[in-house]
Amino acid sequence: MKIYFSQKADTLQPVEEDFSTLSLQEAIEKTRRALDIAYAGFDNAVEFDLIDSYIYEMNALQKRYKHLTELAALENACAQENSREHSPIRSLISHVFG
């Protein structure tokens with residue numbers, strides 16, 4: 001039995017990846033798009049192993065999406081609380097009522 005190896009010239013150009021930090025909203029949007037892609041792949045999968053891999057991917061992305069949305073809600077709540085603390089009306093009321 002003979003085994004043949006073929007080597008193909010790599011004609012692909014290197015891809016530059018952007019590793020800059022994403023904002024929270026960008027991360028949520030990117031995760032939502034990846035989740036949509038995973039759902040589409042799951043809908044079109046016919047092999048059992050591929051179906052399993054899409055299920056694991058969807059579960060991981062759903063947990064990531066949930067975590068990011070909880071962070072966004074927490075960030076929003078903190079921003080609202082900080083805006084209330086620095087309100088001129090609040091400082092006036094605290095000055096008047098001690």
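Buried means under 20% relative accessible area, exposed means over 50%, and partly exposed lies in between (1.4 Å probe, protein chains only). The model is predicted, so local features need pLDDT of at least 70 and side-chain atom pairs count only at pLDDT 80 or more, while totals for chains, interfaces and linings use all residues. Residues are numbered from 1 along each chain as its sequence is written, and side-chain values use heavy atoms, without hydrogens and water.

**Exercise 1.** Find how many salt bridges there are.

Solution. A salt bridge requires a side-chain nitrogen of Lys or Arg within 4 Å of a carboxyl oxygen of Asp or Glu. By this rule the count is two. One joins the side chains of E29 and R32, at 2.8 Å from N to O. R32 also pairs with D36, at 3.7 Å from N to O.

**Exercise 2.** Describe how E29, R32 and D36 are placed along helix 1.

Solution. Helices are DSSP runs (H or I, at least four residues), numbered from the N terminus. Helix 1 covers residues 24-44. E29 and R32 are three residues apart there, about one helical turn. R32 and D36 are four residues apart, also about one helical turn.

**Exercise 3.** Classify E29, R32 and D36 by relative accessibility.

Solution. E29 has 30%, so E29 is partly exposed. R32 has 35% and is partly exposed. D36 has 43%, so D36 is partly exposed.

Key:
Helix = DSSP H or I, 4+ residues; strand = E, 2+ residues; numbered from the N terminus.
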